[in-house]
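Please look at the sequence and the structure before reading on.

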Amino acid sequence: MAETTNLSGVKHIVLVLSGKGGVGKSSVTTQLALSLVEKGHKVGIMDVDLTGPSIPRMLGLDGHQVHQSSKGWVPVYADDKQSLACMSIGFLLSNKNDSVVWRGPKKTAMIKQFLQDVCWGELDYLLIDTPPGTSDEHIATIENLKEYSPDGAVVVTTPQGVAISDVRKELSFCKKVKLPVLGVVENMSGFVCPHCTECTNIFASGGGEAMANEYGIEFLGRVPIDPGFTTMVETDGEGSYVKSFEKSNLFPIFKTISKRVVELTSSPSSASSS
Ligand SMILES: Nc1ncnc2c1ncn2[C@@H]1O[C@H](COP(=O)(O)OP(=O)(O)OP(=O)(O)O)[C@@H](O)[C@H]1O
Ligand code: SF4
């Protein structure tokens, strides 16, 4: 009989990757998770961005601590129904402004512990928010997940050429480690004016879609810059975005993206391994 582990009850594992920092990987992870919860799924977010954990802040969970049970670490829940569980290095730091300056082996050991020791219980989706680029954290995550066959990766980019060129390296990493790519999300794709709803392309647009076409990868969608999102996650705090996500401007976009992610993970042959 197969050994029961803390990941045994997790049906689907999806990594969220980006070539560059600051393109919105944690924002996409958070909104993908919230839209999966809205569809009735039980979701976990594991934040393995050890040097810049931003998931606790986005979910309004800053200052929360994880507790140890006999089975391992108990994740922190972002909602009353306990449909969205979260584990982040941010919960283990005594001060959120503390920095984590660790060498590779210590990071690798922490990720192994994260993947083995968090008691997620039954989850439909575990989303793993990774640091930008391809670092020790990525390699450790992939190695420790081998026996669970992750469904694939959602790759986040912005429309500018420099972000796109970094994504190419990310795609080559996925190919090397045989991680299927579910698709590409182009974040910060234009700015929708809150007054007249006109969408202005601040950066060049369509780069993410063109790159996805070039690689034969699915383009999952464009997410514009929404000042409302920034206000809610950066200033309102206290999980205001978790509570008001369904009324937010970006909700319809993430509803479509998450629907496609569910379809792709239900029929894995549609994910690209190029
Ligand atoms: N579509 C959007 N509209 C408005 N603000 C956004 C959007 N996407 C991201 N942001 C803001 O941009 C900043 C960077 O986003 P985020 O932290 O998600 O990026 P990241 O790629 O995870 O960064 P890092 O790699 O440094 O962890 C955050 O302040 C976030 O609130
Ligand atoms: S997009 Fe429309 S409302 Fe916004 S600043 Fe321009 S003209 Fe004014």
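**The cysteine loop and the core**

Leaving aside its neighbours within four places in sequence, Cys193 is in contact with Glu198 and Thr200, where contact means that C-beta atoms, placed from the backbone, lie within 7 Å. The model is predicted, so local features need pLDDT of at least 70 and side-chain atom pairs count only at pLDDT 80 or more, while totals for chains, interfaces and linings use all residues. Residues are numbered from 1 along each chain as its sequence is written, and chains are lettered from A and ligands numbered from 1 in the order in which they are written.

Cys193 is placed in the loop between β9 (181-192) and β10 (199-200); strands are DSSP runs of E with at least two residues, and helices are runs of H or I with at least four, both numbered from the N terminus. Cys196 lies in the loop between β9 and β10 as well. Cys193 counts as exposed because it has 12 C-beta neighbours inside 10 Å, and Cys196 is exposed with 6 other C-beta atoms within 10 Å. A residue is exposed at 12 or fewer such neighbours, buried at 20 or more, and partly exposed in between, with C-beta atoms placed from the backbone.

Ligand 2 is surrounded by Cys193, His195, Cys196 and Glu198, each having its C-beta atom, placed from the backbone, within 6 Å of the ligand.

Elsewhere, the largest nonpolar core has 72 residues, a core being a set of buried Ala, Val, Leu, Ile, Met, Phe, Trp, Tyr and Cys residues joined through C-beta atoms within 7 Å. Its largest share, six residues, comes from helix α1 (residues 25-38).

Technical notes:
Two residues are in contact if their C-beta atoms, placed from the backbone, lie within 7 Å.
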